[in-house]
Amino acid sequence: MMSVPTNLNYTAEHEWLDTTSGTATVGITLYAADALGDVVFVKLPDIGSSVTAGQVCGELESTKSLSDLYAPVTGKVVETNLAAVENPAMINQDPYGAGWLFKVEIASLGSLLTAQEYQAQIS
Amino acid sequence: MRTPLHENHLALGAQLTDFAGWQMPLKYGSETTEHCTVRRDVGLFDLSHMGEIYVSGTHSTKFLNYALISDISKVKVGKAKYTMICTADGDVIDDLVVYRLADDEYLVVANASNAQVVSSELTHRSHDFTVSVIDRSLETGLVALQGPQAKVVISKFVSPNLIAELKNYSCMQTEIIGIPILLARTGYTGEDGFEIFTSVDQIARIWELFINEKIAPIGLAARDTLRLEAGMPLYGHELNLEITPIHAGLSRIIAFDKSDFIGKSALLKLSEQIDRKLVGIELETRRIARAGFNLVDESGIVVGQVTSGAFSPSLGKSIAMAYLNSNIDLATAKISVDIRGNVEPAIVVNLPFYRREE
């Protein structure tokens with residue numbers, strides 16, 4: 001069984017987010033990365049744009065398929081991971097670390113899962 | 001259906017996929033890593049789903065020369081030939097590798113999806129010849145070792161002198177750890193490599209032998225990107241019953257100078273005028289141009305269609321094969337691929353995308 005970091009929150013769409021500071025750092029889970037296969041293309045929301053919790057805000061394309069990226073929070077995008085755009089392999093290699101995707105100044109949180117709840121979803 | 005190596009794939013943690021009715025390993029870990037392992041080192045493939053059809057009898061050569069589009073009489077004993085079986089209209093029923101095992105004995109290897117069609121079509125075409133056509137697909141296991149280190153690995157188990165004599169597109173009957181095999185220097189990756197045919201009862205012993213040598217197993221996902229980089233067509237994508245070998249850029253395998261063969265007159269007529277041809281495409285974007293996506297010109301008019309696309313691990317860019325209308329002037333035309341509404345600039349390149357260093 002794949003364990004999920006307990007210090008993060010999750011969405012049913014397999015994003016994780018770290019809300020320990022005022023901005024949320026967002027990525028996809030290891031479970032999602034493995035299910036996608038090797039990611040080759042990432043389209044992230046523009047810095048300064050607004051994203052809405054539960055709405056599509058980008059794309060992840062893997063060798064196998066194209067998947068929408070959902071915003072887990074509502075707010076303004078303040079940073080995107082350009083290294084992951086240039087080298088999407090790091091999303092598969094380190095989805096909870098170097099493979100993070102974007103940071104949002106939180107206006108409101110969407111419907112989030114605890115690590116335990118997300119673990120139950122993927123088990 | 002399951003190959004004789006099904007349990008081995010499960011033990012190796014393979015993700016399985018349905019391919020032509022067979023449960024095949026898609027990948028064992030990262031497909032990109034598997035791809036690069038074959039390009040740099042060596043990898044092991046289970047190809048037991050492929051079709052193996054044996055043709056023997058005094059008329060074997062004459063028969064295959066009538067049934068297939070290449071000149072089989074020029075294939076010497078112990079050599080192999082890439083060829084096709086076409087309809088009377090010249091359309092491709094399947095692409096094949098034919099191995100000449102003896103003067104009047106051949107092994108015809110067909111795609112898994114077409115094994116039964118090829119077998120019954122060959123039988124149907126054999127009526128006026130003294131030959132027997134026997135489909136041994138389900139009795140035959142096949143594994144491939146592919147990559148620049150393949151010859152080092154195989155030489156541990158087969159005399160290096162024999163391997164040195166076994167040139168590209170050659171085959172011989174020999175054995176590995178006492179198991180009789182047909183060993184062929186053929187493959188579908190663009191690398192040096194070997195294909196090993198034996199009975200379904202014995203194939204697992206050979207697979208395990210190589211796994212114990214720490215050879216990485218490679219799934220169908222990497223097999224597809226390897227063959228795409230090597231510019232090799234895949235039946236169902238670049239080839240089908242509406243495409244002739246001429247469209248696919250494979251006129252060179254048609255032996256127009258031999259006496260009658262099925263498809264000859266149609267192909268002769270067609271060779272003067274084809275409406276589309278297979279091309280290579282490189283994209284600026286990292287997005288994948290997938291099969292079925294349209295090629296468009298600068299005014300947005302559809303001028304072709306993608307047949308296979310992938311992100312090429314070797315080139316580090318998105319590549320595709322596509323059929324492009326013949327009336328497009330490549331010197332001036334600006335071609336793009338319509339990727340779900342994103343018009344992505346592309347350049348038309350010569351195939352293959354990747355060629356190994358000799």
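1. Basis. The model is predicted: local features need pLDDT of at least 70, side-chain atom pairs count only at pLDDT 80 or more, and totals for chains, interfaces and linings use all residues. Residues are numbered from 1 along each chain as its sequence is written, while chains are lettered from A and ligands numbered from 1 in the order in which they are written.

2. Contact between the chains. Eight residues of chain A are in contact with nine residues of chain B, contact being defined by C-beta atoms, placed from the backbone, that lie within 7 Å. On the chain B side, α2 (31-40) and β16 (302-312) each supply at least two residues; helices (H or I, at least four residues) and strands (E, at least two) are DSSP runs numbered from the N terminus. The chain B side comprises four nonpolar, two polar and three charged residues. Here Ala, Val, Leu, Ile, Met, Phe, Trp, Tyr, Cys and Pro count as nonpolar, Asp, Glu, Lys and Arg as charged, and the others, Gly among them, as polar.

3. Domains of chain B. The assignment gives domain 1 (6-48 + 138-229) and domain 2 (275-349), with bounds from an automatic or database domain assignment. The C-alpha centres of the two domains of chain B lie 32 Å apart. Eight residues of domain 1 of chain B are in contact with seven of domain 2 of chain B. On the domain 1 side, α2 and α8 (220-229) of chain B each supply at least two residues.

4. The open sheet. Five strands of chain B form an open sheet in the order β5-β6-β7-β4-β8, with antiparallel pairing; strands pair if DSSP finds at least two bridges between them. The edge strands of chain B are β5 (80-86) and β8 (132-135), each pairing on one side only. Between β5(B) and β6 (residues 92-102) of chain B, the antiparallel pairing runs over seven bridges. One of the bridge partners in β6(B) is Tyr99(B), which pairs with Ala80(B).

5. Helices on the strands. Helix α3 (residues 60-67) of chain B lies across β4 (51-56), β5, β6 and β7 (105-110) of chain B, at about 130° to β4(B). Helix α4 (residues 115-125) of chain B packs on the sheet, and its direction makes about 15° with that of β4(B). Axes are lines fitted to C-alpha atoms, for helices over the stretch in contact, and angles run from 0 to 180 degrees between N-to-C directions.

6. Contacts of Val108(B). Not counting residues up to four places away in sequence, Val108(B) touches Ile53(B), Val55(B), Leu96(B), Val98(B) and Leu122(B).

Methods:
Contact = placed C-beta atoms within 7 Å.
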